[in-house]
Amino acid sequence: MNCYLCERELPQLPSWRGLFLNDIQEVICGRCKNGFMKISGTVCPICGLPNEGLCRDCRYWETTEYAGLLQSGTSLYYYNEAMKDFLHQYKFLQDIVLSEVFARQLRDELGKTKAAIVPIPMHPDKLEERTFSQIDCMLEAAGLRYSQYLTKSEQVQGKKTKKERMSAPDLFHWNGKNVPRKILLVDDLYTTGTTLRHAAKELKKAGAEEISFLALIRS
Amino acid sequence: MKKRIRNHERKMPLTELEQFLTGRIWLREFMPFAQEEVDSAIAAGKIGVKKGITENKECTRCLERSPQKIISFNCAKCQSVCYYCRHCLKMGRVSSCTELIYWADPSPKPKTPHSFIWNGLLTNAQQRASDEVLESLSCNQSHLVYAVCGAGKTELLFPPLAKALEKGQRICIAAPRTDVVLELSPRIKAVFPDSVIHTLYGGSPAETGFAQIVIATTHQLYRFENAFDAIIVDEADAFPYSFDPSLEGAVIKAKKRESPIVYVSATPSDRLLKEIPNQSKIFGRFHGHPLPVPQFRPLWNYRKIFSKNKIPKSLTRWVNDRLAKKEPFLVFLPTVELIEQAIPLFKKLDARIEKVHASDPERKEKVLKLREGKISGVLTSTILERGITIPNVQAAVVGADEAVFDSAALIQIAGRVGRSSDFPAGEIVFFHNGIVRQMDKAKRQILFYNKEGFR
């Protein structure tokens, strides 16, 4: 097969792992993989931004009504050119097979969690327009089970200024299902953290006690 | 010579919608027109609608049908299993529940005035080929122009193009690479200043009106159907056209069924040479000088030497010679990785040496700077093997024995040298780690052209 991103042929190396462990298949080549930059070193304990101690945004959040909502979080990758191109092809060009690109990483991060995995939901209009939910599809590609306790009430975040985003009205509503004690929210892109905090607030109201998150990208 | 092509009385002007959609096949949701306008034209039967992916799981736009490219998914829009096409994804996704539309009710196109401004200087060989193309087009037969690099292929197409426009035909000039399209477009526009000419490639600016001539990358032809009275395929042997059979399908889909194809190439495939009955051959350059013949020079273990952060001695000598003589030069390398590894080393010889590869957004500017003498030389991948003309340029291929440099690529690279009549000679060196058959084939072929061209 060919690399999903650059279309160059992928070397097919048969391995014992692939044969017996039902390993997730690589769908991109080494060169494309190296284009994504993993976040490492000391990071902000809440949002995963490379930083000594709490980052500026999280320090601000901790002075608001959203203080303490998010226990901890992990962000996997930087928002570099390669990642921008990836998101463009996946979300904007709707190339659904790209949900497999980070399947292995997501499984490694989330496979052993005891918390309930909750993807950030899309607004129904947006979902219909895009024809698929990018986060649900990524979790499915990684073979992870997830559940949904929220519905999205308001339209997109993308085009707003940082200030507008941080003070947006409630973005999510509880869907009435019993919420487990431990929740792990999953989103693709952490920018200001508004989305995740709104989701956490609603889930806490509905009975969740410990909420952490995983973001694929920290911009 | 300025010739005004006779034209007939103007009939009803076309609506902008008809001008746009005639001969095209376009995603309904991406139409650059108001939705109500499109909807009412569909209701009136003016616009036809096709499913994006057919029942046989074939993409209606690019005709792709391999299961690796036609992907199934649970569609949240239509709440069922849909298929989408990965092959032409970058032009806007086609899926089972999207629709492609086309102009179903073509009206006779009003004949618009054309002028043909051109000094009309063709060599005897060009003139003969030009007449032969004209003859083939007039009886709807396909034709191959097999002409060496620098033979003046584009010029010989002007008279047949003028004739076609006079007849009110719609013509497409297609080339596999954007660089070639961008190079052709201003030349064609200068010769036919009154004609509506569209230039289409990935990311090209929007055009208006009904184009009599469309100059496009072969990829863009996925978006046409039953549109052209003739298609000229320039550089028919170049990547990706020669590697992606669906591009050939696109050319056939874009033309009307009876319309002929004119292939133009300096290095046609054996298949083209065998399959196209009408052929014109030009083996001499327009300025009458022979093609520069490649020299073979060994460059043993050059990869190892580069990985020790050194440039092999004989290559250093060659580059220093060019720098001393102030000759612009191109050094072709087999991989992008090797270019990256080598560029800092070459910068030490001269800081004005630059690198270029396929995904370099400044490619055009760098080629221009080389032409203007603002940079001294360029390290490049095979991306610059065709379409570029730089007076007095000298070329070297490093690793001419590697598989990426097949004989066609080597002939094209050699064809960059000595193109202008002011500097008809020049050096082309194949640095190698052992002579391979493709190098021999290229050299033999060039010697053959020189012999034939001077008969």
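In this predicted model, the largest nonpolar core has 101 residues. Within this core, the residues with the most contacts are B:F192 and B:L221. Helix α4 of chain B, which spans residues 153–166, supplies the largest share of the core, namely seven residues. In soluble globular proteins, nonpolar side chains tend to be buried together.

The surroundings of B:L221 may be examined in detail. When residues up to four places away in sequence are left aside, B:L221 touches B:C172, B:A174, B:F228 and B:I231, and also B:A250, B:V251, B:K253 and B:A254.

Attention now turns to chain A as a whole. Chain A contains nine helices and six strands. Of its 219 residues, 49% count as buried. Among the contacts in chain A with a separation of 6 or more, 74% involve residues 24 or more positions apart. Chain A exposes about 11300 Å², and carbon and sulfur atoms supply 51% of this area.

Where is the place of A:S133 in chain A? A:S133 belongs to the loop between α6 (124–130) and α7 (134–141). Because its relative accessible area is 10%, which is under 20%, A:S133 counts as buried. Its side chain makes a polar contact of 3.3 Å with the side chain of A:D136. A:S133 also touches A:M122 and A:L127, not counting residues up to four places away in sequence.

Notes
Residues numbered from 1 in each chain as written. Chains lettered and ligands numbered in written order. Predicted model: local features only at pLDDT ≥ 70, side-chain atom pairs only at ≥ 80, totals over all residues. Heavy atoms only, no water. Helix = DSSP H or I, 4+ residues; strand = E, 2+ residues; numbered from the N terminus. Buried < 20%, exposed > 50% of the residue type's maximum accessible area, 1.4 Å probe, protein only. Contact = heavy atoms within 4.5 Å. Areas by Shrake-Rupley, 256 points an atom, 1.4 Å probe, with all protein chains shown as cover. Core = buried A, V, L, I, M, F, W, Y, C linked by side-chain atoms within 4.5 Å. Polar contact = N/O pair within 3.5 Å; in protein donor to acceptor, adjacent residues only side chain to side chain.
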